[in-house]
Protein chains: 2
Amino acid sequence: MEASLDVVGVGNAIVDVISTVDDEFIVEHDLNRGSMTLIDADRATSLYAAMPPGIEASGGSAANTMAGLASLGSKASYLGKVRDDQLGEVFIHDLRAAGVGFDVQASSEGAPTARCLIQVTPDAERTMNTFLGISAFLSPDDIDESVVASAAITYCEGYLWDMDIAKEAIRGAMAVAADAGRTVSLTLSDAFCVDRHRAEWLDLISDKVDLLFANESEICSLFETDDFDLAAKEIASMAKISALTRSAAGSVVVANGEQIVVPAAPVDHVVDATGAGDLYASGFLHGLANGADLARCAELGGIAAGEIISHIGARPRVDLTDLI
Amino acid sequence: MEASLDVVGVGNAIVDVISTVDDEFIVEHDLNRGSMTLIDADRATSLYAAMPPGIEASGGSAANTMAGLASLGSKASYLGKVRDDQLGEVFIHDLRAAGVGFDVQASSEGAPTARCLIQVTPDAERTMNTFLGISAFLSPDDIDESVVASAAITYCEGYLWDMDIAKEAIRGAMAVAADAGRTVSLTLSDAFCVDRHRAEWLDLISDKVDLLFANESEICSLFETDDFDLAAKEIASMAKISALTRSAAGSVVVANGEQIVVPAAPVDHVVDATGAGDLYASGFLHGLANGADLARCAELGGIAAGEIISHIGARPRVDLTDLI
């Protein structure tokens with residue numbers, strides 16, 4: 001059956017709280033610079049109390065990717081879990097206002113909507129500390145199988161793998177997509193996350209994943225190597241297509257026994273790296289959904305990532321169709 | 001007794017929800033371009049649903065002014081009312097993290113924390129729609145008289161005048177300040193607001209106000225004239241000092257039978273006018289609290305306003321001491 005959706009994303013539904021800090025803040029509060037760390041409610045309270053004034057903006061890796069896809073003109077939907085609180089209302093509003101389908105009912109009980117405390121340092125690097133709240137309880141019941149079956153591509157966030165019930169939800173979504181003859185995609189999300197799930201993910205990628213997204217440190221972590229070229233060779237035999245991002249060095253697409261190297265889009269001034277990988281995936285998936293060749297997919301990824309890192313926050317500020 | 005605080009601000013404690021819209025949005029939704037309009041909960045829900053994705057940032061006119069004062073190195077405190085909800089938590093965090101004293105307990109019952117739906121148009125003008133929520137219930141009980149008595153200047157927001165109980169709170173705060181021999185300051189806040197309270201405010205300014213802030217349209221509205229020079233003459237006999245802002249044309253200080261004209265600080269690119277008047281007041285009050293002459297006060301106001309309009313949001317993004 002013809003797909004009525006281009007992409008459905010499954011992920012942690014999160015509102016970002018973004019502050020600009022100096023480098024000492026990262027050291028003083030013992031943060032994992034450039035990575036995503038899960039924190040509990042107490043740590044979230046104490047870290048927030050220590051942070052400078054912030055701004056709140058809807059986030060969540062896969063949700064950012066879907067917002068980018070909608071901005072590019074693709075038909076995108078999202079599956080994730082929020083509470084019926086003020087941050088949940090913000091998350092739902094922003095995703096729908098971006099043009100992403102999101103028909104999930106906010107939960108009337110349970111933990112609050114997830115938030116990610118993000119520190120942006122002067123080098124534009126982001127350090128993320130996530131209190132998962134209710135998003136950690138995404139379960140197989142929250143996966144609308146008809147939505148998944150109707151999407152040409154199902155895009156899953158590696159971050160979800162940290163929770164057993166969410167892992168089940170992802171496995172279920174991937175199975176539905178595969179049964180419907182759709183493309184299954186996974187992003188590795190974070191090098192520490194890869195480290196926590198290496199063995200399972202190596203199996204998962206070999207068996208179930210058609211299209212893999214990873215940045216340099218994630219793909220190197222997957223194969224426990226410092227050698228990107230080696231990691232790129234290893235992944236070639238596992239996923240049909242792998243899109244590997246290398247920050248300012250652009251990206252490498254590994255597919256059909258070949259490597260396609262695509263430079264990054266030029267950016268005048270990098271302000272905040274938050275969302276760079278998410279929006280690269282938007283551009284790439286938009287290309288793929290529209291029949292572009294892989295080099296063009298990677299180029300579109302670079303353009304969308306370039307827009308996101310030029311400002312604070314992980315959702316597009318301009319209509320991305322104007323940039324392509 | 002020596003004042004232990006430079007300034008205490010009294011105002012509506014509000015979280016801003018800021019979206020960028022095109023000009024048609026303003027027309028289509030029948031908004032009062034460039035002004036502040038009070039809206040009820042239903043209208044807030046329907047207008048928010050129509051708005052593009054936004055960012056949330058702490059706001060509130062007098063709170064912005066206090067944040068600016070703290071950033072300049074002054075000792076500032078704030079009195080206002082929030083609920084113990086997520087937006088209230090954001091408001092409290094951001095104000096304290098900015099270095100402003102705010103010891104008010106969040107209310108465990110009543111309406112939610114106030115929010116202001118702000119539409120920024122391509123000309124950088126902001127159109128504000130405020131759902132006052134619990135902030136409308138600021139009462140004389142919420143005014144900590146010892147804080148007011150300890151501040152060299154008490155700065156009150158005209159916006160508060162729309163609610164009878166808040167009006168009482170302001171009159172009470174002004175009386176405490178006057179009894180302690182302190183300076184009483186008022187900002188007119190909005191031309192429509194002036195229109196609603198003209199007669200009362202003419203009396204109030206003559207009787208109780210030492211230092212008045214107003215922009216061109218507000219001071220013209222006060223005297224029901226289109227002639228700024230005429231309005232500036234009228235106000236001369238009413239408040240000891242009046243600081244009148246004229247956007248790109250800078251500001252005029254009226255005091256001691258004289259007018260001091262001060263040009264605006266140069267700004268490369270005006271992004272969002274939200275907070276310009278609030279931060280002008282920060283700079284001016286900082287100068288006054290530190291014994292600067294009135295021309296320097298106005299210049300400091302222009303510098304602080306210039307920083308705020310160069311980015312989205314109404315709180316400083318940089319340490320303002322670096323700019324002066």
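## The model

This is a predicted model, in which local features need pLDDT of at least 70, side-chain atom pairs count only at pLDDT 80 or more, and totals for chains, interfaces and linings use all residues. Residues are numbered from 1 along each chain as its sequence is written, and chains are lettered from A in the order in which they are written.

## Two packed helices in chain B

Helix α3 (residues 61-72) and helix α10 (residues 276-289) of chain B pack at about 45 degrees, with their axes 8 Å apart. Helices are DSSP runs of H or I with at least four residues, and strands are runs of E with at least two. Axes are lines fitted to C-alpha atoms over the stretch in contact, and angles run from 0 to 180 degrees between N-to-C directions.

## How the chains meet

19 residues of chain A are in contact with 19 residues of chain B, where contact requires C-beta atoms, placed from the backbone, to lie within 7 Å. The largest share of the side of chain A, 6 residues, comes from α4(A).

A rotation of 180 degrees with 0.0 Å of shift along its axis superposes chain A on chain B, with an RMSD of 0.0 Å. That is the relation of a two-fold axis. The superposition is by least squares on C-alpha atoms of residues with pLDDT of at least 70 in both copies.

Note on methods: Contact = placed C-beta atoms within 7 Å.
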